[in-house]
Amino acid sequence: MESTVASKLEALMRLQSIDSQLDEIRRVRGDLPEEVRDLEDEIEGYEVRVRKFDDEVAGLNESIAQRKQAIKDAEGLIRKYEEQQQNVRNNREYDAITKEIELQKLEIQISEKKIKEAHYQIEQKINEIEGTKNRLEERRKDLDNKKKELEQIVSESEGEEKGLEQERESAAQDIEERLLSAYTRIRRNVRNGLAVVTVKRDACGGCFNTVPPQRQADIAAQKKVIVCEHCGRILAGVEQRVY
């Protein structure tokens with residue numbers, strides 16, 4: 001049983017060592033990956049905005065075309081009514097036709113006003129599109145520069161990272177699923193990614209809280225997997241002080 005627990009802890013320490021090396025490689029990249037993702041999201045947002053403005057301009061142009069046709073139709077009706085006025089039989093018919101002509105003239109005025117408003121809105125939209133496209137172009141240049149910078153950093157450590165990832169895959173296979181799951185959960189919940197640590201100078205190597213002597217003895221005995229009472233990290237061993 002002792003050797004089994006010892007081998008489990010040894011496998012966990014090996015996995016932690018590999019993960020720490022991978023963490024360091026990825027730490028060198030800093031915020032670049034996140035900055036690239038943020039720029040990609042921002043660019044997508046600008047592209048959506050430009051498409052929306054384009055659709056709105058198309059809708060306004062369609063509205064203008066409809067209003068122009070409405071003006072033509074109204075002008076046609078006015079001509080028709082004016083011809084009818086020449087052949088009315090009484091004042092009542094004349095007044096009724098005059099009212100229809102006035103209604104059509106009002107329709108023309110409304111359509112002309114709507115066309116003018118639509119042209120103004122199109123002008124505003126085009127200005128918005130131009131401004132958005134300028135910002136979009138700037139962000140695309142920023143993204144291109146960030147990607148190149150990131151690619152250069154990645155390429156410098158690509159071989160080492162791939163090698164470590166292969167080692168990690170092999171190391172993970174030596175750990176039972178339950179322990180591996182616990183290890184992954186702990187790593188996700190701690191700031192520095194250290195899920196497996198040793199006791200150094202009577203303290204947890206992760207949170208630096210004191211570990212009592214009896215607990216240190218249990219950890220050193222490696223008869224069972226023990227976690228820190230304060231941070232939950234796995235305590236894989238006790239480093240002896242050198243005097």
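Predicted model: local features only at pLDDT ≥ 70, side-chain atom pairs only at ≥ 80, totals over all residues.
Student: What makes the nonpolar surface patch that is about 240 Å²?

Tutor: Leu 103, Leu 106 and Ile 110 make this patch.

Student: How do you know whether Ser 111 is buried or exposed?

Tutor: The relative accessibility of Ser 111 is 0%, and the cut-off for buried is under 20%, so Ser 111 counts as buried. Its place is in helix H3.

Student: Which residues is Ser 111 in contact with, leaving aside neighbours within four places in sequence?

Tutor: They are Arg 67, Ala 70 and Ile 71.

Student: What makes up the largest nonpolar core?

Tutor: That core has 19 residues, and Leu 9, Leu 12, Ile 175, Tyr 183, Val 196 and Ile 234 are those with the most contacts inside it. At least two residues each come from helix H1 (2–28), helix H3 (91–173), helix H4 (177–189) and strand E4 (234–238). H1 supplies the largest share of this core, 8 residues.

Student: What does Ile 175 touch, not counting residues up to four places away in sequence?

Tutor: Ile 175 touches Ala 11, Leu 12, Leu 15 and Leu 180. A second, separate core has 16 residues, including Phe 53, Ile 64, Ala 74 and Ile 129.

Methods. Residues numbered from 1 in each chain as written. Heavy atoms only, no water. Core = buried A, V, L, I, M, F, W, Y, C linked by side-chain atoms within 4.5 Å. Buried < 20%, exposed > 50% of the residue type's maximum accessible area, 1.4 Å probe, protein only. Helix = DSSP H or I, 4+ residues; strand = E, 2+ residues; numbered from the N terminus. Contact = heavy atoms within 4.5 Å. Patch = residues over 30% accessible without salt bridge, like charges linked within 9 Å, V, L, I, M, F, W, Y side chains within 5 Å. Areas by Shrake-Rupley, 256 points an atom, 1.4 Å probe, with all protein chains shown as cover. Salt bridge = Lys/Arg side-chain N within 4 Å of Asp/Glu carboxyl O.
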